[in-house]
Amino acid sequence: MASEYVFISDLHMGGDEELTALDFESELLSFLADLEENGDDVELIINGDAFGLWEYAEVEGPAKLDRVIEDHPRVFEQLRATGEEIDITLIPGNHDYDLACYPSHIDRLAAFNVTLEPEISITREVGDARIWIEHGQQHDANNRMPDWGNPDALPVGYFVVQRIVAAAGRYSEQARGDWLRDIQSVAPMEEIPRWLLSNYFYREMSPYLRAIVVPLLVFFNITIIYLFGTILEAAGIIPSWVFTDNPVIHALGIADIVLELIITINLVIIAVLLLLAIPFWLFRRDLERTLERFGVVLSGVRVGQGDEPFLRAARETLEANPDIAVFVYGHTHRASLTKWGDRVVVNTGTWLKKLQHVETWFSRLPGIYVPSFRLNYFRIFAEGDRVVVEYEEIKTDESRDLTRFQRLAVRRPPGENPIPARTVIDPDGALEVPGSEPESDSVSGRETAITDGDDGERTTDGRSGEEGDRHGSS
């Protein structure tokens, strides 16, 4: 056993066409090279989803891993070099579940000095305590493997990835820019329609059509105010010069005509929407009832589950195993550290691009998905009779792949909540879980940080905008 453990997860290397692009390749190579240079009694553990094997639709079985190796030769050569100095261990996640299904993968990765442990969870000793390590997909109903090790027993998440994500990789070259491959960073899955609408509006829509639509949307709120004001004028509550005969507006000349034209068009649109609202509601209600009779629902698969199932599993594991000081998982792509008394739960996050939905300065324009990276790793080691968990982020150039119009329209995204750089725990201490369950936003799939007196402290990357796991923990 090593004396120090380094954890990363959810690299998702691989995929058809554009999905195989590795935005963080230089940072990953530097990270591995630093581990090689420092050497010492260290074990690097990649706890799941190192590879995006689900994202391949054109190859099957062990050939998927061969494709990853072929597409990323520099990474695998660096793994080989780093593995000569320290131990490197890999466990399967859901996206690289094939690693648990074909024994040949063990020898294939061993050629690059990577030890594959095809288990759903493993443990490591740290001082007099233990670390519990898993990817976490077994706590996700949409990605739980019904028969671990059986390549034909696949959860619903696999088919979602194959039908939607892998297809996006194949068709991404048809888009204006490479935005379509970022579908792998959209989370939860329910966000995909809104993300598609946003990118259509800002990237794919004809510039001439957008030049017509933008003023209508920007002045939509003004139109609502104008409509309400004219109703008040007609009722005699306010004088007519406030809206209808406002002398300041009339003094604008041609601008007054343009403004009145925009307001008129918006009023017509509002009237049409109001006329269609009632029949559309009746049609939808009747359709839902019909589909329910056939056992079909419109909502589909919901995956915005937050971290509650994983924290619940961590609590059960810690309560059943007093010698476990740290519970490590990944899968949700939200790096976090949760401290319960003298135990710690760590989420290793992701190295993928993260997309955060941010509103614009103009409320009727579609929201914008702001890209960012949070490349990070955790170190866990013993220090005397205590266990230390250290967290570090790797600096990287912020992604700037927003159009000029998007940068002009978007608000400043909220900052990330920091994770403590150093957390010291006493393995012999008590497990003091907060009395209430963590609160969750079921739509965005984010967990809300809570503190219950001195019993528990949670530090997450929660934000006010929607964000979370790749494919919504798929």
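Predicted model: local features only at pLDDT ≥ 70, side-chain atom pairs only at ≥ 80, totals over all residues.
Which residues does Glu-43 touch, not counting residues up to four places away in sequence?

**Entry 1: Glu-43**

I found Glu-43 in strand S2, which covers residues 42-47. Leaving out residues up to four places away in sequence, I get Ala-2, Glu-4, Tyr-5, Val-6, Asp-87, Thr-89 and Arg-124 as the residues Glu-43 touches. Two names on that list came back when I looked up polar contacts. The side chains of Glu-43 and Thr-89 are joined by one of 2.4 Å. Another, at 3.0 Å, runs from the side chain of Glu-43 to the side chain of Arg-124.

Next I asked myself: is Glu-43 buried or exposed? Its relative accessibility is 5%, so I put Glu-43 down as buried, given that the cut-off for buried is under 20%.

**Entry 2: helices H6 and H7**

I moved on to a pair of helices. H6 spans residues 192-204 and H7 spans residues 207-218. They pack with their axes 10 Å apart, at an angle of about 120 degrees. I therefore noted H6 and H7 as oblique to each other.

Who makes the contact? On the H6 side I listed Tyr-200, Phe-201, Tyr-202 and Arg-203. On the H7 side I have Leu-209, Arg-210, Val-213, Val-214 and Leu-217. Sorted by class, this contact has 7 nonpolar residues, 2 charged ones and no polar ones.

**Entry 3: aromatic rings**

How many aromatic pairs are there? The count I got is 14. I looked at a couple of them.

Phe-201 and Tyr-202 turned up again here. Their ring centres are 4.9 Å apart and their planes sit at 85 degrees, so I wrote this pair down as edge-to-face; the cut-off for that label is over 60 degrees. Phe-201 and Tyr-202 are both buried.

Then I checked Phe-378 and Tyr-391. With ring centres 4.8 Å apart and planes at 50 degrees, the pair is tilted. I liked this one for linking distant parts of the chain: Phe-378 is in strand S12 (residues 376-383), Tyr-391 is in strand S13 (residues 386-393), and they are 13 residues apart. Phe-378 and Tyr-391 are buried as well.

Phe-24, Phe-31, Trp-351 and Tyr-377 go together in one aromatic cluster.

Terms used
Residues numbered from 1 in each chain as written. Heavy atoms only, no water. Axes fitted to C-alpha atoms, helices over the stretch in contact; angles between N-to-C directions. Helix = DSSP H or I, 4+ residues; strand = E, 2+ residues; numbered from the N terminus. Parallel < 35°, antiparallel > 145°, perpendicular 65-115°, else oblique. Contact = heavy atoms within 4.5 Å. Nonpolar A, V, L, I, M, F, W, Y, C, P; charged D, E, K, R; others polar. Phe/Tyr/Trp six-rings, centres within 6.5 Å; stacked < 30°, edge-to-face > 60°. Buried < 20%, exposed > 50% of the residue type's maximum accessible area, 1.4 Å probe, protein only. Polar contact = N/O pair within 3.5 Å; in protein donor to acceptor, adjacent residues only side chain to side chain.
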